[in-house]
Amino acid sequence: MQSGRVKLAHPRTGVMFDSPVPPGSGWPGDPATSRTAVAETPSHVASMAAAVGTVEELDAEVSVCRACPRLVEWREEVAVVKRKSFADQPYWGRPIPGWGSASPRVVIVGLAPAAHGGNRTGRVFTGDRSGDFLFAAMHRAGLANQAACVDAADGLVLNDTRVAAAVRCAPPGNAPTPAERATCAPWLDAEWRLIGSGVRVIVALGAFAWRAALQIVGPVASPAPKFGHGATALVGDVMLIGCYHPSQQNTFTGRLTPQMLDDIFRQARERAATNGR
């Protein structure tokens with residue numbers, strides 16, 4: 001693992017960390033220890049994900065995965081080089097596990113962490129403008145206790161809700177390869193196996209997240225339901241709702257507005273309050 005030459009202070013706790021952050025070194029919310037098993041290959045991911053028995057164990061193993069060499073190199077390079085505006089901060093620089101409730105009724109699935117957002121903070125959709133947009137809407141809908149999403153120790157708590165990414169490492173150009181997507185898929189499969197029994201709604205942020213969600217809740221009828229903003233698909237007792245990704249490309253151009261996101265989360269909240277159909 002690459003490492004920054006100088007330890008830097010966490011912006012909230014003041015504790016000094018290398019970049020990337022070694023597991024078990026005290027980072028807020030770090031689920032792993034120095035003894036957590038590390039997946040080094042796609043077959044390791046598949047076997048470890050199939051065997052994992054708790055959400056806590058899953059989160060720990062996800063957070064130290066090294067099965068995709070290109071993604072490992074990129075996320076760690078970003079953690080060392082950093083963006084100028086965050087040059088005084090340590091970067092997490094590891095895969096990002098899901099977070100929030102371990103027994104949710106609403107699950108929000110995105111594509112992958114951002115290089116200077118989740119890859120820096122250690123919590124998906126945190127620390128960038130996409131997260132600002134997303135969590136503000138979740139707060140308005142009562143799915144989060146606050147709108148702020150600055151870092152992994154900022155007090156943000158999700159209400160009966162969990163957020164996860166289909167691919168757990170920040171990819172170059174925000175574009176994981178098909179092989180990287182396939183390698184990471186067993187982690188999301190395992191997460192669904194562990195948390196899915198009480199889930200009533202999945203909000204899929206973007207077309208790839210929609211496809212990933214259909215894969216975990218399936219089987220579905222052929223042809224598979226198509227993604228669109230506001231599109232819905234009922235699979236068993238789970239309602240899948242499509243939503244444009246809260247990227248700056250979408251929010252700055254008005255393709256996704258706060259009202260549009262509010263409508264999605266209002267629908268999700270109402271569905272989550274029911275007991276199935």
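Trainee: Which helix and which strand each supply at least two residues of the lining of the second largest pocket?

Mentor: Those are helix H2 (55–62) and strand S3 (99–100). Helices (H or I, at least four residues) and strands (E, at least two) are DSSP runs, numbered from the N terminus. A pocket is an open set of points on a 1 Å grid over the protein atoms alone, with protein on both sides within 12 Å along at least five of seven lines, and a lining residue has an atom within 4 Å of a point. Before we go on: this is a predicted model, where local features need pLDDT of at least 70 and side-chain atom pairs pLDDT 80 or more, while totals for chains, interfaces and linings use all residues. Residues count from 1 along each chain as its sequence is written, and side-chain values use heavy atoms, without hydrogens or water.

Trainee: Where should I look for the centre of the second largest pocket?

Mentor: Look for Gly29, Pro97, Gly98, Trp99 and Arg123, which lie nearest its centre among 18 lining residues. The volume of the second largest pocket is about 290 Å³, meaning the space filled by probe spheres set on the grid points, which are joined across faces, edges and corners.

Trainee: And how much space lies in the largest pocket?

Mentor: About 790 Å³. The largest pocket has 33 lining residues, and Ala114, Ser130, Asn174, His245 and Ser247 are the closest to its centre. Helices H5 (129–140), H7 (207–217) and H8 (248–251) each supply at least two residues of that lining, with H8 giving the most, three residues.

Trainee: How many cavities of 30 Å³ or more does a search of the whole structure find?

Mentor: Two. In a cavity, a 1.4 Å probe fits but cannot get out. The largest cavity holds about 90 Å³ of space, and 16 residues line it, with Cys65, Cys68, Leu71, Cys169 and Cys184 closest to the centre. Helix H3 (69–81) and H6 each supply at least two residues of this lining, and the largest share, four residues, comes from H6.

Trainee: Which residues line the second largest cavity?

Mentor: Val107, Ala164, Leu188, Glu191, Trp192, Ile195 and Ile216, around about 50 Å³ of space. H6 again has the largest share of the lining, four residues.

Trainee: Is Glu191 buried or exposed?

Mentor: Glu191 has 2% relative accessibility, so it counts as buried; buried is under 20% relative accessible area, exposed over 50%, and partly exposed in between, using a 1.4 Å probe and protein chains only. Glu191 sits in helix H6. Setting aside residues up to four places away in sequence, Glu191 touches Leu58, Gly98, Arg162, Ala164, Arg168 and Gly196, where contact means heavy atoms within 4.5 Å.

Trainee: What about Thr13?

Mentor: Thr13 has 39% relative accessibility, so it counts as partly exposed. Find Thr13 in the loop between strand S1 (8–9) and strand S2 (16–17). Beyond its neighbours within four places in sequence, Thr13 is in contact with Pro28 and Ala153. The C-alpha atoms of Thr13 and Asp154 are 9.9 Å apart, though 141 residues separate the two along the chain.

Trainee: How do I read the packing of H1 and H6?

Mentor: Two packed helices are described by the angle between their axes and the distance between the axes. Here H1 (residues 42–51) and H6 (residues 178–195) pack at about 5 degrees, with axes 8 Å apart. That makes H1 roughly parallel to H6, the label for angles under 35 degrees. Axes are lines fitted to C-alpha atoms over the stretch in contact, and angles run from 0 to 180 degrees between N-to-C directions. Pro42, Val45, Ala46, Met48, Ala49 and Ala50 of H1 meet Thr183, Pro186, Trp187, Ala190 and Arg193 of H6.

Key
Angles under 35 degrees count as roughly parallel, over 145 as roughly antiparallel, 65 to 115 as roughly perpendicular and the rest as oblique.
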